[in-house]
Amino acid sequence: MKRVLLAAAAVVLVGGLHAEERIDLSMTSRIRAEAFNRSQVMPLLTHLTEEIGPRLTNSPAMAQANAWTRSKFDEWGLANVHDEAMAEPFGRGWEFRSASVEMLSPRAFPLHALPKAWTPGTSGPVEGEAIAAKLESKADLEKFRGKLKGKVVFIGEARAYKPGEKPDWKRETDETLAEMKALTVPADEKPGARDEARERRRQRMEFAPLLNKFLVDEGALASVSASGWDNGIILVSGGGSRKAGESVGVPSLAMAAEHFNMVMRALDRKQAVRLRVNVDADFTSDADQPAYNTIAEIPGTGPHRNEIVMLGAHMDSWHAGTGAADNGAGVAVMMEAMRILKAVGAKPDRTIRVALWTGEEQGLLGSADYVSRHFGKFAEPTDPKEKELPAFLRKARGKLEPGRDYNKLAAYFNLDNGGGKIRGVYAQENMEVAPIFESWLKPFNDVGATIVTQRNTGSTDHISFDRIGLPGFQFVQDGLDYFTNVHHSDLDVLDHVVAEDLKQASAIVASFAYNAAMRPEKLPRKPLAED
Ligand SMILES: [Zn+2]
């Protein structure tokens, strides 16, 4: 009991120490008025997603998006507007125009499928019989050697339809927000768990190119796998290979699970299923090309003008929808936040820089490259086997090599959880920022942004900052139907974002950027964890 009381007293003291976080409420009012009453966020998002369209990394549309966002930043009078190439070439560009899979027998029926990125087209319609093949290991390949010529290979197994257990559309409530504030103390890692994960990952990485080459060598016409989601939604990402010189395999598609199952049931009944497949898709370069982040700034005007506050969101998307929620919404909000700051005549002490990242969907590549060149990185492993693994699966991460601007970054804010409004911010186990963020959220409590949670959230570009000890943060957003229907699927189009929500988010992001650029100190950093 005594202990509990002591702990409570300490919390009050910490809160008390930071109670003087000063906020310019006159500026906050101007930011809110510009964001709520003269918003440009939907016109921006509409242009990005409906005029330019999906923005696969290194596709011609992504290059258009880089050029268009630069032109908007120029128009608004931002400084240092430029594209920055990643140090390592990303790979080839790819785009597709159409895809169809028709069942010809046992009866005519259109099957819904979309191509995997970085797989070849069919060069016109091709016809062949479907064959079911579980191809998950080298032994599986041997089993099917000589059996796939001229066939459309249905890879994997039928998946039973599962009625949805959770509602499709979700807004956080006071109860769920309160739950989100609770942090679960982690259990000990199971001994060997990380080694097993490394081994599984390595096996997958080794098997994918073998399978590509096997299907080509065997003369398969195309391959089809089941969409990861039910209800006719096509969840599809990449296949083949984006790297010049590697096998891209045969034309490969993801099919609506219910249609995939229908074909599999016919094959189970030993019926011949004849299909016509037509995919119009192209690689847009023969050689690997660099990928580009788009960068722009509002230069600082005060004594800390050499320090930097960054805003960011990834501009690349997958190709099945138009990348409206993932992550056109984040891009439009970050652009709008910069426009608002210019429109209200903000003269920040520190420089406010925006980055629209490339290659996020392939592993946070654009932000990781930028952070490593500007802010710092861990020494690369010398063992080539370690080097090819993603950073979080490596045995040791090496020594931090701080870059030129490591001590100049005041804060980084990211938005990448769909088209829902901001409900708070993840503090990433940085206890010192919590009271600061709480006071910054206060002027937005009335529009639903209330919580600071110590939880870590991952899977997007703030991690590129967080993992080298820089204060990088992602906002808590209302989920809407992002993780039930939209993420990486053909439903990721404009209908699944909410205009009022993005206006709210733009105001909060502009205000956070301004506060971070004006406070006397940079945001406190958490101690860099030992490996
Ligand atoms: Zn995303």
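In these legends a residue is buried under 20% relative accessible area, exposed over 50% and partly exposed in between (1.4 Å probe, protein chains only). The views show a predicted model, in which local features need pLDDT of at least 70 and side-chain atom pairs count only at pLDDT 80 or more, whereas totals for chains, interfaces and linings use all residues. Residues are numbered from 1 along each chain as its sequence is written, and side-chain values use heavy atoms, with hydrogens and water left out.

**View 1. The salt bridge between Arg 350 and Glu 307.** The side chains of Arg 350 and Glu 307 meet at 2.6 Å, N to O, in a salt bridge (a side-chain nitrogen of Lys or Arg within 4 Å of a carboxyl oxygen of Asp or Glu). Arg 350 lies in the loop between helix H9 and strand E12 (351-357), and Glu 307 in the loop between strand E10 (292-298) and strand E11, so the pair ties together parts that are 43 residues apart in sequence. Helices (H or I, at least four residues) and strands (E, at least two) are DSSP runs, numbered from the N terminus. Arg 350 counts as buried because its relative accessibility is 0%, and Glu 307, at 17%, also counts as buried.

**View 2. Further salt bridges of the chain.** The count of salt bridges by this rule comes to 32. In one of them Arg 171 pairs with Asp 501, with 2.8 Å between the closest N and O atoms. Because Arg 171 lies in the loop between strand E6 (152-155) and helix H6 (174-180), and Asp 501 in helix H15 (residues 499-518), this pair ties together parts that are 330 residues apart in sequence. Arg 171 is partly exposed, at 33% relative accessibility, whereas Asp 501 is buried, at 5%. Another salt bridge joins Arg 194 to Glu 189, the closest N and O atoms being 3.3 Å apart; here Arg 194 is partly exposed at 39%, and Glu 189 is exposed at 52%. Glu 34, Arg 38, Glu 336 and Arg 339 are linked in a network of salt bridges.

View 3. His 314 in strand E11 (residues 308-314) and Asp 326 in helix H9 (residues 324-343), 12 residues apart, link distant parts of the chain, and both residues are buried. The peptide bond from Asp 326 to Asn 327 is cis, with omega near 0 degrees, and Asn 327 lies in helix H9.

**View 4. Phe 437 and the largest nonpolar core.** A nonpolar core is a set of buried Ala, Val, Leu, Ile, Met, Phe, Trp, Tyr and Cys residues joined through side-chain atoms within 4.5 Å. In the largest such core, of 74 residues, Phe 413 and Phe 437 touch the most other members, and helix H9 gives the most residues to this core, with 12. Beyond its neighbours within four places in sequence, Phe 437 is in contact (heavy atoms within 4.5 Å) with residues including Phe 413, Val 425, Val 452 and Phe 512. Seven of the eight residues of helix H12 (residues 434-441) are buried, among them Phe 437 and Trp 440. The elements that cover the buried residues of H12 include strand E15 (409-414), strand E16 (422-426), strand E17 (451-453), strand E18 (472-477) and helix H15.

**View 5. Ala 513 in helix H15.** Ala 513 lies in helix H15 and is buried, with a relative accessible area of 0%. Leaving aside neighbours within four places in sequence, Ala 513 is in contact with Val 309, Leu 311, Leu 341 and Ile 352. The C-alpha atoms of Ala 513 and Arg 353 are separated by 9.2 Å, although these residues are 160 residues apart along the chain.
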